[in-house]
Amino acid sequence: MSKIELIASSLELPNGAVIPNRLVKVAMEEGIGHGGGLPGRRHCELYRRWGEGGWGMLISGNVQVDPRHLATPHDRTIPSTSQHTISAYSALRFATLSSLPPDTKAPLLIMQISHAGLQSSSTIGASRLPWVPAIGPSSMRPNTGNSWAGKVVGRTLWPTKSRQIVDFAEWEGIVQKFVDAAVVAEKAGWEGVQVHSAHGYLLAEYLSPLTNPNPLPLPGVHWKIPVRLHLLFLILRGVHAATRREFIKAIKINCSDFVQGGLDEAQSAEIIKEIVSWRMVDVLEVSGGNYSNPGIVAFTDSQRPTSSRQALFSHFTSALLPSLPSPPEGPAIILTGSIHSRELIHSSLETRTCDLVGIGRPSCIYPALPRDVILNIDVPDEEAVFGGYHIRGGDWVKQALGGEKSSGKKASKGIPLVGAGVSTFWHEWQMCRLGRGVEPDINMSWLGAALWEGVVFAVIGAVLGVFRRK
Ligand SMILES: Cc1cc2nc3c(=O)[nH]c(=O)nc-3n(C[C@H](O)[C@H](O)[C@H](O)COP(=O)(O)O)c2cc1C
């Protein structure tokens, strides 16, 4: 089988759904629109571009199940289970499939459902009054570093520590919100949901010994289920009961928090084996990091992997996969993180480091990456490389804002959140361009984009949005 044939091969999931090829556009907060809410015209245009790009699966940016707890001011939310909400997400699905080229199989559209937990900032998200705390399994503030600048950033983003949830009913309310979100996604015609249990958000906080040192056993869960997994179990069981079997249930989980005292790889491997044994998950994506160490998106040129063994979390998945049933008996495993060449995608699949490959940042610049490059027989392997580009002015901004440099200085020397933020914003601004119907620009300077995309077009978009709603 040739490299392209393997990458283009379909895969059956445990619930019987078939993913047309092995390429997944992973979840990325789109950065479009302000104040949270439902998807609009610019989201539709962005998803239309991905829809025609030949991806096997498209996972949306995080959609917050509770509009009061945003991860960013741009987050999409599930404000209610009303027909209005369903119609907005159904319009997004319709747009995604609206310009599917002939002979191209439709990508499976998955909604990432999320709760930002104690990482929800009241000042940046502006979804609560500044003194209203975030919520989580413990009372704390994300660690933004020990330098004075890091502390100022921490106090500005989180003026108060999170409020610890101690009431069972409040946890049950959160479970219900995830279930409601899945039902909205199903009614809107989406093929499934991905429950976001990574990156230090609420469900990851429940799993982590650092943020949940004394986990509460939740009512209605069998005693054999480890207590730390109760919240996730209730959510998956609820989603299972409320949706059809064909509706894909996916989760995204950290292989490690990469912070001292947080979830480590041995604990995560045990957690994943336990989750797989429940037989409620069709797709499992492995990720890592949280706001205290967001290594996943701060990955830099100098660290760019050249073989599947070096891809960010490949050592973890290659050790874990032999102990898990392969699809369709077990869930398909997505490996994400700097897998940015055909060669690397192929070797990751061939060595069964994963079943599906997740691609994030390059999809903001090349929305039709599968069709135009990865699966295009006219593009030779040595040219099918699409990562490692340099963000013009990015290093300077990182240093100026107190982040770490790309060229190898230890993340701990700066504010890691800033380093990851610089790359994240720049890619969001590329998505904003796509949403406006403008081509992405790989040479776009960070500061220029901050002015035009982050301020000028954002304000115009917000004003037009107000008029359209009237
Ligand atoms: C702009 C941007 C937004 C992101 N938003 C999310 C998100 O909403 N949910 C999530 O699970 N991961 C998010 N991520 C992480 C990506 O899913 C992915 O793990 C990361 O970009 C690494 O993959 P890559 O090396 O192919 O870019 C985001 C990354 C970027 C760059």
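Between which two strands is the loop where Pro73 is found?

Guide: What you see is a predicted model, in which local features need a pLDDT of at least 70 and side-chain atom pairs count only at pLDDT 80 or more, while totals for chains, interfaces and linings use all residues. Residues are numbered from 1 along each chain as its sequence is written.

Pro73 lies in the loop that runs between β5 (63-64) and β6 (76-77); helices (H or I, at least four residues) and strands (E, at least two) are DSSP runs, numbered from the N terminus. Because 17 other C-beta atoms lie within 10 Å of its own, Pro73 is partly exposed. That class falls between buried, with 20 or more other C-beta atoms within 10 Å, and exposed, with 12 or fewer, where the C-beta atoms are placed from the backbone. Leaving aside residues up to four places away in sequence, Pro73 touches His34, Gly35, Ile124, Gly125 and Ala126, where contact requires C-beta atoms, placed from the backbone, within 7 Å of each other. Val179, in turn, is 106 residues from Pro73 in sequence and 23 Å from it in space, C-alpha to C-alpha.

Stepping back, the protein has 17 helices and 14 strands. Its radius of gyration of 21 Å is close to the 23 Å that the globule rule gives for 470 residues, so the protein is as compact as a globular protein of that length; the radius is taken over C-alpha atoms, and the rule is 2.2 Å times the number of residues to the power 0.38. Along the principal axes, the C-alpha atoms fill a box of roughly 60 × 50 × 50 Å. Of the 470 residues, 53% count as buried, and among contacts between residues at least 6 apart in sequence, 75% join residues at least 24 apart.

Strand β11 (residues 248-254) gives a view of the interior, since seven of its seven residues are buried, so that the strand is largely enclosed by the rest of the structure. In a regular strand the side chains alternate between the two faces of the sheet. Both faces of β11 are covered, with Ile248, Ala250, Lys252 and Asn254 buried on one side and Lys249, Ile251 and Ile253 buried on the other. On pairing (at least two DSSP bridges between two strands), β11 and strand β10 (residues 192-197) run in the parallel sense over six bridges, and Val193 stands opposite Lys249 in β11. Strand β12 (residues 283-287) also runs parallel to β11, joined to it by five bridges, with Ile251 standing opposite Leu284 in β12. Together with helix α9 (residues 265-278), β11 and β12 make a right-handed β-α-β unit: with the strands pointing away from the viewer, the path from the first strand over the helix to the second runs clockwise.

Helix α2 (residues 41-51) is mostly covered, with eight of its 11 residues buried, among them His43, Leu46 and Trp50. In helix α12 (residues 342-350), the buried residues include Leu344, Ile345 and Leu349, and what covers the buried residues of α12 includes α1 (3-8), α11 (314-320) and β13 (332-336). Just after α12, Arg352 takes a positive phi of about 45 degrees.

Methods. Contact = placed C-beta atoms within 7 Å.
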